[in-house]
Structure formats: structure tokens, C-alpha cells
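Here are my notes on the model, colleague to colleague.

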Amino acid sequence: MAALATKEGITLKGSADIVSEFFYFGINSILYQRGIYPAETFTRAQKYGLTLLISTDPDLKNYLNTVVEQLKGVEPHIHDCNRRPHVTAYRRSCGQNRKKRQPTREPDWLYKCQVQKLVVVISSIDNSEILERWQFDIECDKAVKDDSIVRDKSPKVIQEEIRSVIRQITATVTFLPLLETACAFDLLIYTDKDSEVPVKWEESGPQFVSNSEEVRLRSFTTTIHKVNSMVAYKKIDC
């Protein structure tokens, strides 16, 4: 379990660490279960009382580690105050060269309660058709401004809740259609307006699945951040 900062309960930093860590293992689980990367490029790891699969691919590991650090960063910074929609989707692709933004300091989206959603989009490499959309909605108690406020929730209970979500991700292979084409993935981050956006992220549309079915999965909460999850997938015409 990520560091919690105090023995008595959950701080804002501790909560941001827990949620970021969940995304690292959750995204790895999705990529493994859906066959986006070869099975032989994953290795076993013990987390949340489960045996999970995480990637050994150097580029993918670096990509996911960078995203996690950008999500949970706690370094204060000055906002750029550009005019943007109330919520903006930003996209970062793995292993693709895209137009870069001017460098900025690392964001602190979770710590400042600025991120609203993280979405894993799976698409066909052949025709770029969106086949699956894993959406994680993030609710944050904005009354918690810093680490001086400590919330009372057992790390064991949080771990049990996260374990249930990960188990559901694993179980989705029983109902999701087989991906019969080579696929790639993108990550979308929905942030508040005026949030800092680092290099290699670009503005994006929502990338919805057309003619889709949706399944809601379990949620977990630290009492500061709550994560609700769902997956949308393309219907197979009979």
C-alpha cells in the first residue's frame, strides 16, 4: 500500500499515492487481459493480496511510471491560466511521436483534485476504430486542501476495495468480445480548466465506442478520492 503519511489515517498525499498506484496496476491488468502486449512481456507481482501481471517492456514501463508520477505529483506550481473548457481531455500515446507542448513543471492533478477521469482507450491498429473504453471517474473532496486534514479509514479496508476492482477487471474476459485484430491503446486524462499540462500530452476528443454496450464495475474510496469504474465495448452484430 502506498505511504499514508500518518499512522492515524489518510492524508491528501497518501490518498493521491494510493489512487496513482491503483492506476499503475489496473492499467497493466487491462493491457494484459486484453492482449494488447504479448503475454510473455509480463511478469508476476504481488499486490493487494493478489498475484498481478505487470509489463517488463522498457518503453511501456517508462510510459506508465511517468503517467503515475504526473498524476500524483505534489510539487506546488504557478498556473498558466490559458482559457480552456471547464473540463478538457488530454491524450498521451505510448511509443508514438506527436506534437509536443512547451515544457511545464510536473502536474499535481490528484493532489490538487484537478483530474476528473482517466480513460484507457483500445483501438484497432488497422483502421483506428475504437473497440473498448475503460473509464475511471475520480471524485475528490475539495474541502481537503492539504495534508493537515487526516481522514479515518483503514488501509486494509481500502486494499480490500481495490482488490475487488482488480478482480473484476480480470473477470471481464468472460464477457468482453475477443479482440481479433492487433490493437493499441491511448490514455485520456480529463482535467479542470487551467491545469498544467506536461510535454507529450495533447488535447483530445472523448474517443467513444460506437454501437456500444456498457458495464459498470466496482468502486473504491479513500474518503478523499473515490474512483468509479466502467467499461464500454463494441457490440458484436449477430
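1. Searching the whole structure turns up 10 aromatic pairs. Rings of Phe, Tyr and Trp (its six-membered ring) count as a pair if their centres lie within 6.5 Å; planes under 30 degrees apart are stacked, over 60 edge-to-face, and the rest tilted. Please keep in mind that this is a predicted model, where local features need pLDDT of at least 70, side-chain atom pairs count only at pLDDT 80 or more, and totals for chains, interfaces and linings use all residues. Residues are numbered from 1 along each chain as its sequence is written, and side-chain values use heavy atoms, with hydrogens and water left out.

2. Start with Phe25 and Tyr48: their ring centres are 5.9 Å apart and their planes at 75°, so this pair is edge-to-face. It links distant parts of the chain, with Phe25 in helix 1 and Tyr48 in the loop between strand 1 (42–47) and strand 2 (50–55), 23 residues apart. Helices (H or I, at least four residues) and strands (E, at least two) are DSSP runs, numbered from the N terminus.

3. Are these two residues buried or exposed? Phe25 counts as buried at 11% relative accessibility, and Tyr48 is buried at 2%. Buried means under 20% relative accessible area, exposed over 50%, and partly exposed in between (1.4 Å probe, protein chains only).

4. The rings of Tyr32 and Phe42 are also edge-to-face, because their centres are 5.2 Å apart and their planes at 70°. Tyr32 is partly exposed, with a relative accessible area of 29%, whereas Phe42 is buried at 8%.

5. Ring pairs also join Phe22, Phe23, Phe136 and Phe220 into a cluster. Two lysines are worth a look too: Lys47 lies over the face of Tyr48, 5.6 Å from the ring centre, and Lys117 over that of Tyr190, at 5.0 Å. The test asks for NZ of Lys or CZ of Arg within 6 Å of the ring centre and within 35 degrees of the ring normal.

6. A cavity is a set of points on a 1 Å grid over the protein atoms alone where a 1.4 Å probe fits but cannot get out; lining residues have an atom within 4 Å of a point. Phe23, Tyr24, Ile27, Leu64, Val67, Val68, Leu71 and Leu118 line the largest cavity. Helix 2 gives the most to this lining, with four residues.

Key: 1 Å grid on protein atoms, 1.4 Å probe; cavity = no way out; pocket = protein on both sides within 12 Å on 5 of 7 lines; lining within 4 Å.
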